[in-house]
Amino acid sequence: MDKKVLNEVFHNLDRSFFLDGPCKDLASFDEPLPIGYGQTISQPTLVVAMTALLDPEPHSRVLEIGTGSGYQTALLASFCQTVYTVERIVELAEKARQRLQALGLCNVCYRTGDGSEGWPQEAPFDRIMVTAAAAIVLPALEEQMVRGGRMVIPVGPQGWQDLLLVRKTHDGRIFRESIEKVAFVELVGPYGWHGKREDTE
Ligand code: SAM
């Protein structure tokens with residue numbers, strides 16, 4: 001993707017639009033901020049860095065797990081064909097939908113529920129962005145990536161996690177690269193920190 005255009009779109013996207021109440025005044029700080037229900041909007045530099053790492057293309061179909069405020073979704077939607085976004089908290093999902101529709105972003109499909117199994121009915125995806133921390137790379141998500149696809153996902157225990165770039169080659173091999181340390185909220189469900197997954201790595 002064109003990093004210059006990414007930076008332009010990023011700087012034109014008003015983060016305060018995705019926040020409520022007194023947090024609106026803090027929008028310009030490069031910090032995670034509360035969005036209610038114990039969840040956070042990530043710091044802007046991380047959102048733009050994760051988007052650059054995902055490297056969506058104009059034809060890309062992108063799966064996003066963790067809609068949150070819709071801020072990251074808005075950035076993704078500006079650079080790809082369609083974003084399929086999943087959020088488990090109904091109130092956040094609805095608010096994000098209203099915001100993104102108000103911005104005129106029509107290329108977003110919404111689902112409310114647990115994103116741990118991805119979105120099988122719409123798979124495969126060219127790109128997958130996970131914005132909550134999992135204990136392991138989710139098998140269903142790796143499966144739902146096209147060959148030549150990329151996934152960005154924070155993986156690790158509560159506290160600090162590794163931000164992983166997962167790439168699936170054209171012959172189906174998987175490569176995982178640790179990019180940096182990050183601190184995300186939990187991906188709630190079987191692959192979260194308190195999950196009851198059966199497979200281990
Ligand atoms: N990227 C978002 C933004 O720009 O506002 C912030 C995402 S926030 C760090 C993580 C989100 O993942 C929360 O809204 C949380 O409810 C959601 N989440 C956590 N576990 C989930 C799951 N299993 N399925 C779907 N969403 C989940």
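## The ligand and its shell

The largest share of the shell around the ligand comes from E2, which gives three residues. This is a predicted model, so to speak a computed picture of the site. 

Here is how the site is built. The ligand sits in the largest cavity. By class, the shell holds nine nonpolar, 12 polar and four charged residues.

Which residues come nearest to the ligand? Of the 25 residues around it, they are Ser 69, Glu 87, Asp 114, Gly 115 and Val 188.

| Residue | Protein atom | Ligand atom | Distance |
|---|---|---|---|
| Glu 87 | polar side-chain atom | oxygen | 2.6 Å |
| Asp 114 | polar side-chain atom | nitrogen | 2.7 Å |
| Val 188 | polar backbone atom | nitrogen | 2.6 Å |

How much of the ligand's accessible area does the protein cover? On its own, the ligand has 600 Å² of accessible area, and the protein covers 100% of that.

Now for a pair of strands. Strand E8 (residues 161-168) and strand E9 (residues 174-182) pair in the antiparallel sense, with eight bridges. In this pairing, Leu 165 of the model stands opposite Glu 177 in E9. E8 and E9 form a hairpin, and five residues lie between them. Gly 172, in the turn, has a positive phi of about 90°. As a general point, side chains in a regular strand alternate between the two faces of the sheet.

Technical notes
Residues are numbered from 1 along each chain as its sequence is written. This is a predicted model: local features need pLDDT of at least 70, side-chain atom pairs count only at pLDDT 80 or more; totals for chains, interfaces and linings use all residues. Side-chain values use heavy atoms; hydrogens and water are left out. A residue is near a molecule or strand if one of its heavy atoms lies within 4 Å of it. A polar contact is a pair of N or O atoms within 3.5 Å; within protein, one must be able to donate a hydrogen and the other to accept it, and residues adjacent in sequence count only if both atoms are side-chain atoms. Accessible areas come from the Shrake-Rupley method with a 1.4 Å probe; for residues, only the protein chains shown count as cover. On a 1 Å grid over the protein atoms alone, a cavity is a set of points where a 1.4 Å probe fits but cannot get out, and a pocket is an open set with protein on both sides within 12 Å along at least five of seven lines; lining residues have an atom within 4 Å of a point. A molecule sits in a cavity or pocket if more than half of its atoms lie within 2 Å of its grid points. Helices (H or I, at least four residues) and strands (E, at least two) are DSSP runs, numbered from the N terminus. Ala, Val, Leu, Ile, Met, Phe, Trp, Tyr, Cys and Pro count as nonpolar, Asp, Glu, Lys and Arg as charged, and the others, Gly among them, as polar. Two strands pair if DSSP finds at least two bridges between them.
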